[in-house]
There are 4 protein chains.
Amino acid sequence: MTRPNSIRPPEGRLAVLLPGMGAISSTFITGVLLARKGLGLPVGSLTQMGTLHAGGRSIRMDEYLPLARMEQLVFGGWDIFPDSVYETALHAKVLEPEHLGPVREELEAIRPMKGVFHPQYVKRLHGTHVKTGATKAELVEQVRADIRAFLRDKGCARAVAIWCGSTETYVAAAQVHASRRAFEAGLRKNDPSITNSQLYAWACLQEGVPFANGSPNLAVDFPAAAELARHHEVALAGKDFKTGQTLMKTVIAPALKARMLGVRGWFSTNILGNRDGEVLDDPESFRAKEITKRGVLEDILQSSDSPALYGELFHKVRIEYYPPRGDAKEGWDNIDLFGWLGYPMQMKIDFLCRDSILAAPLVLDLALLMDLAQRAGRIGTQDWLGFYFKSPMTEPGRTPEQDLFVQERRLKDSLRALMGETTGAD
Amino acid sequence: MTRPNSIRPPEGRLAVLLPGMGAISSTFITGVLLARKGLGLPVGSLTQMGTLHAGGRSIRMDEYLPLARMEQLVFGGWDIFPDSVYETALHAKVLEPEHLGPVREELEAIRPMKGVFHPQYVKRLHGTHVKTGATKAELVEQVRADIRAFLRDKGCARAVAIWCGSTETYVAAAQVHASRRAFEAGLRKNDPSITNSQLYAWACLQEGVPFANGSPNLAVDFPAAAELARHHEVALAGKDFKTGQTLMKTVIAPALKARMLGVRGWFSTNILGNRDGEVLDDPESFRAKEITKRGVLEDILQSSDSPALYGELFHKVRIEYYPPRGDAKEGWDNIDLFGWLGYPMQMKIDFLCRDSILAAPLVLDLALLMDLAQRAGRIGTQDWLGFYFKSPMTEPGRTPEQDLFVQERRLKDSLRALMGETTGAD
Amino acid sequence: MTRPNSIRPPEGRLAVLLPGMGAISSTFITGVLLARKGLGLPVGSLTQMGTLHAGGRSIRMDEYLPLARMEQLVFGGWDIFPDSVYETALHAKVLEPEHLGPVREELEAIRPMKGVFHPQYVKRLHGTHVKTGATKAELVEQVRADIRAFLRDKGCARAVAIWCGSTETYVAAAQVHASRRAFEAGLRKNDPSITNSQLYAWACLQEGVPFANGSPNLAVDFPAAAELARHHEVALAGKDFKTGQTLMKTVIAPALKARMLGVRGWFSTNILGNRDGEVLDDPESFRAKEITKRGVLEDILQSSDSPALYGELFHKVRIEYYPPRGDAKEGWDNIDLFGWLGYPMQMKIDFLCRDSILAAPLVLDLALLMDLAQRAGRIGTQDWLGFYFKSPMTEPGRTPEQDLFVQERRLKDSLRALMGETTGAD
Amino acid sequence: MTRPNSIRPPEGRLAVLLPGMGAISSTFITGVLLARKGLGLPVGSLTQMGTLHAGGRSIRMDEYLPLARMEQLVFGGWDIFPDSVYETALHAKVLEPEHLGPVREELEAIRPMKGVFHPQYVKRLHGTHVKTGATKAELVEQVRADIRAFLRDKGCARAVAIWCGSTETYVAAAQVHASRRAFEAGLRKNDPSITNSQLYAWACLQEGVPFANGSPNLAVDFPAAAELARHHEVALAGKDFKTGQTLMKTVIAPALKARMLGVRGWFSTNILGNRDGEVLDDPESFRAKEITKRGVLEDILQSSDSPALYGELFHKVRIEYYPPRGDAKEGWDNIDLFGWLGYPMQMKIDFLCRDSILAAPLVLDLALLMDLAQRAGRIGTQDWLGFYFKSPMTEPGRTPEQDLFVQERRLKDSLRALMGETTGAD
């Protein structure tokens, strides 16, 4: 077991590298800058606001754990548009002018490095701020050079990467993803099964930068990436931030199951008008998302255990691009359930949420916890971070846990174990 | 610790005595009779449909635990109207004719014993089938005689009682509730602080019949009752079945807290048109209900721990009598939450549920689990049954747990412990 | 102007011929049979339940107008499945057994004639009870023979036809639809632009049977049909029954416009699980429906008049096949509106309706009113029946009126005019 | 009939006097000031944004009618708190800082005159900026002096008054309201049946100032006020602005009736957190509101005409004070309707609206239209303005019209008639 004295201390500056610097990244960065000045609360962040039980008492997580402090973070990343974070935030319309004004200069100073962009994986966007290279292998090397330059120029001790880019079109894992050797050959041959996000991930892993994946793209979810991570002793996590509708689904489905109430149908639709919505309007991109969103219910309800209750469940998920709403997403769910003697009931949930507002604290937590894991020598897939993801990655052979409360317990148990504590209760 | 071999076996017939034989009771009885014939599924009942982990595998609860079987149950009870269970079910309109037909004769044969009825505690009802007696002490004796006669006439080995009557007007615990001696003096003096439900409960405890309380009435939730239960070595549980809106509240509030999302307001309204709705239309009866319904959020969110997130929470609960809906209750919730930097979001939950359909499986589970507890020698308040209640009763000095998932874990842990198992995971 | 004494009296039996005998037709027929026996109310039917002002007083429409009585109706039709109306109604699960029982024998006696079925126009259905013929012209002749035989066998004085079949795939009007001559040539050459519904319609018009179209199919909405109707002096009407979501849309949009409130977005989704939902799951069929459903808002709000309020309206309509719900459709609308100084507001409408229950009274009204129009010598397109349709057909050159209340006024004004009354107020 | 040449031209400045200068008044004034500068659109105002048909074409109302222009308006009024309109607007939080900034100086310059305040009519407020006087008669004289001084100081040619104050407790019309003589005696004797709003109204009428009433208070809705208005030749209108939930009710109920769909129940609840919500939290104030809100449905559905459809309608309206929402009101409606053969359906409407944003354009329209009516010599109750009110006042003996679309037609017909036009169609 990992002992606390084996955790390297969080000294020096920590680079937070963001492939994809759009609405989520700009909301995340702005919030951290405001919080540093005492001008805003990082609501939704467990590392900053949460507590856990340890040593017989409730203690703030940032007191208990040797985490990097928000003051130590330095922000960078890549995007296919050249706008500064300030311009991006203005355009995204997630935050009000009153929240951008006090940190405007800092935001203007953060500009993305040129992005890796093969347009066939992102159908609705037309990037202008992009790297060129003859092969995918060359592009990986350019990203690696970016990372080294960033760390050197900003005087950072180490880095973490959190993918905050768009959902890519669905590309299944192929032979090229099976081993490190095959993948590297594929990079040289421009194998079409290798997507943009995989190029960033591969570069990060080679540089020893832990990588967490906030979208449904494979990115680091294939055997070659696991092999590379073991080789370079890096932490991985993913995939797809669990924010609005799916967050509620992983709460309500366990409740129905806890009470042995049956479910015949679950219909979920989403309307949203930001770049994410525009990208998902493309059926191929949506397919990737649909897979991570749909698996959730089946995993939780385990219809094979209770066929009379869940065996005929019809589950449908839709995402609709709807510009009038901008970043303010709305998820509407209808659940057809049944109780005693099969009598039908219905539940409707209308969640008027905000995509980037819900995702930003997850970026902060993942940056700090991935860095902690790395310093503690926890390499490979971080199953215990499943709390943050729609489609939790696991070590091979394990079943992902989807229930939010089981995930929460595992997260906290893992943190206590990391600190050398053997018992606890949350 | 209780050892399984110390559990008396569930031999012979078990009387299920129901003070209050209205919509819930008739739905419960009909469902059990149908399930016995294979004509209906007892959906919502953990004891009949659920599983737990024990001995390294998932096992059906009714296989794992030495529970009474549905075939062993014999139904009886009291009401202030003389209708047979068949007539009551017809009037309640919870179940369709197709579900009443196959068991009509059995339902017609079950008629309530005369009820205890002091109308000041139930404002909107006018009972006609009531006991008379000079003092409350006399009424208790009549109920005791009823119990003994029922057991004898029906050839039952033992009994459990589940209160399924209406919510009484709010009557605070007083001096008369402080001790067994004071209470018995109060019974003789017709103390106005002693309500109808307390007379039933007192009689049951004196006869050694475990008593679970499905409404917010004090019933068995006062020191004198605890003292009497210890004296007669009887199990107690309560109070107020956790069914529709509160069930969801104890699921969604923990989720928001798990993610450290703030809550500024929570508004809950209910429309229902059955006898329960009619009774709760009286402000004094509603007050009792409001207390059990409102405490839930505060207990879960613990605003003292996170004042920035929950310190200004405004929580309002309403119940509206609305006859067009009959037993089909609708709970509408609006939640005003906030995230990163305080940005507001909203959630609406509309639960088109059915009061008695959700309550019936709870009656079945509680009957079987209370009987199990009694046979296992677990006397006094059964904290571990908090899973079933809006306002869980605890042993003195303990804080009730409201989170549905923590309650579920405790329930299953307690059952494993009862069976002599030391570890487990659900 | 038409004078009442020029209306031929409603003597003899009236055949109601239904191309498409599924959920709507069986619900309609069952309801009329029950109403005849006094066992059910034809709720939703203006001709049976409504009133209008005439002669200075409020008078029931069935007293004021020389309509056929329900007792005079004889039901027949065509379908691509051979089930009797009783079997169809059982399968559709719209009506409870208690409503089918009392008229079971009558329903069993009504069996559809073999349907015209070219499967390319109805993607998801596989008909088994179909006519065969070398050309579409031959199929038209077979339908004409059916009509004549039905009238003779049942002793009917005259007939009306109401299309109650599925939505066909979208097929645009083509050269073949431009004139009677071109269409008849097309029938002989099996022109692929001629759909099933057009074959029924053509046959009816040739037999002098008024034809109203309850689906978005062109059916009678093309120049050749208008020409044929004039030639045979027959009444036409259509298209697409205005029932759930669109009904509400044509009420709420005029209200927002009346108050000069702006609209930025309107998102409408529908979940339904009957055969109609299954058919509309096919994108080509949905396209036909989408056109009739989407035009409504633009027509009402007239953004060219108020570009500041409606010029940027984004309108999206979805229909989702969702089997758990059966015939019980649910339409969910989100409206993004704005008021004073552009401040945004939202409205959500969740309509838990029943497709066939809402459509059945429209079939009855249209049967009686089309017959009335025919007897009054009103030939060609009946604009005044726009009240019943999502996409009202008009005489060439007129703009369809979509506002439900303007449509209602026109309907009643037209009826008064038909009766020779010059003024009125409703 | 009124002839256009008999309308006095809108020359000079028009004082808009507002008893009650809170959220609605400050929103109204700010919006007009912004619109004058071209910095905001007066969305929701028919006089500024709407059109009507006249002379065979569609014409903007502000071109067609001789209305005062926004530039001619001068704002004043009374309140029981001394804050300037700017301070009030800040406190009300209806408008964003970006909308207050550009007109801050103008708003700061507008301060209310001291209010008339007998606290028994407004339970939850504690005014500090109030007139003193031995009798109600004296207070009326003080208000009259205020009006004369305002007109003189601001150089206004004439004035209109729109009541924008809180809802008063319900006080039924009494003997003192029966005649001008009785009312004036009551003023001198401090009759408790005379409320604050009636004192303002009485003063206005005596000064020849037309008075429109935006709340459910009687204000000008009693015989003595009508008598006084006739005597001084003044126009009256009321009562209770029709904004959120009731606006939708007067649209949806007529639609259900148009289609002869039955209604068994209608439940309406409102949550709002502004001063209006706080006042209505008092049961006596709510009673006044409840009366105007409830009458609406009965008037529209006319259950006596269609007892089978509306005879058993159960209608319940609730207003709940809920501070987290501020001025952003939410109205939730559940409608239990039924169709063909009585089959039940449901509709839910959730209107996330903004109280003052919806009311402000009504204040503007009423100010301009009441001034027009006065200049056109239309004295007494303006039935034709019922479009703007929840509980439309009528001349004695007339039934109020509640249907929004009938009201709209009457409004436009009346305006055309005022302009000497005999026909038209909207």
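The largest nonpolar core of this predicted model has 292 residues; such a core is a set of buried Ala, Val, Leu, Ile, Met, Phe, Trp, Tyr and Cys residues joined through C-beta atoms within 7 Å. A residue counts as buried if 20 or more other C-beta atoms, placed from the backbone, lie within 10 Å of its own. The residues with the most contacts inside this core are A:Ile162, A:Val363, A:Leu366, B:Ile162, B:Val363 and B:Leu366. Apart from this core lies another, of 291 residues, including A:Tyr321 and D:Phe28. In soluble globular proteins, nonpolar side chains tend to be buried together.

What does B:Ile162 touch, leaving aside its neighbours within four places in sequence? Its contacts (C-beta atoms within 7 Å) include B:Val16, B:Leu18, B:Val363 and B:Leu366.

A pair of helices in chain C comes next. The axes of α1 (residues 23-36) and α15 (residues 355-375), both of chain C, come within 8 Å and cross at roughly 65°. That makes α1(C) roughly perpendicular to α15(C), a term for angles of 65 to 115 degrees. Among the residues that meet are C:Phe28 in α1(C) and C:Val363 in α15(C).

Chain C can be laid on chain A with an RMSD of 0.0 Å by a turn of 180° and a shift of 0.0 Å along the axis, which is the relation of a two-fold axis. Chain B and chain C, by comparison, do not touch, and their nearest C-alpha atoms are 10 Å apart.

Residues are numbered from 1 along each chain as its sequence is written, while chains are lettered from A and ligands numbered from 1 in the order in which they are written. In this predicted model, local features need pLDDT of at least 70 and side-chain atom pairs count only at pLDDT 80 or more, whereas totals for chains, interfaces and linings use all residues.

Technical notes:
A residue is buried if 20 or more other C-beta atoms lie within 10 Å of its own, exposed if 12 or fewer, and partly exposed in between; C-beta atoms are placed from the backbone. Two residues are in contact if their C-beta atoms, placed from the backbone, lie within 7 Å. Copies are superposed by least squares on the C-alpha atoms of residues with pLDDT of at least 70 in both. Axes are lines fitted to C-alpha atoms, for helices over the stretch in contact, and angles run from 0 to 180 degrees between N-to-C directions. Helices (H or I, at least four residues) and strands (E, at least two) are DSSP runs, numbered from the N terminus. Angles under 35 degrees count as roughly parallel, over 145 as roughly antiparallel, 65 to 115 as roughly perpendicular and the rest as oblique.
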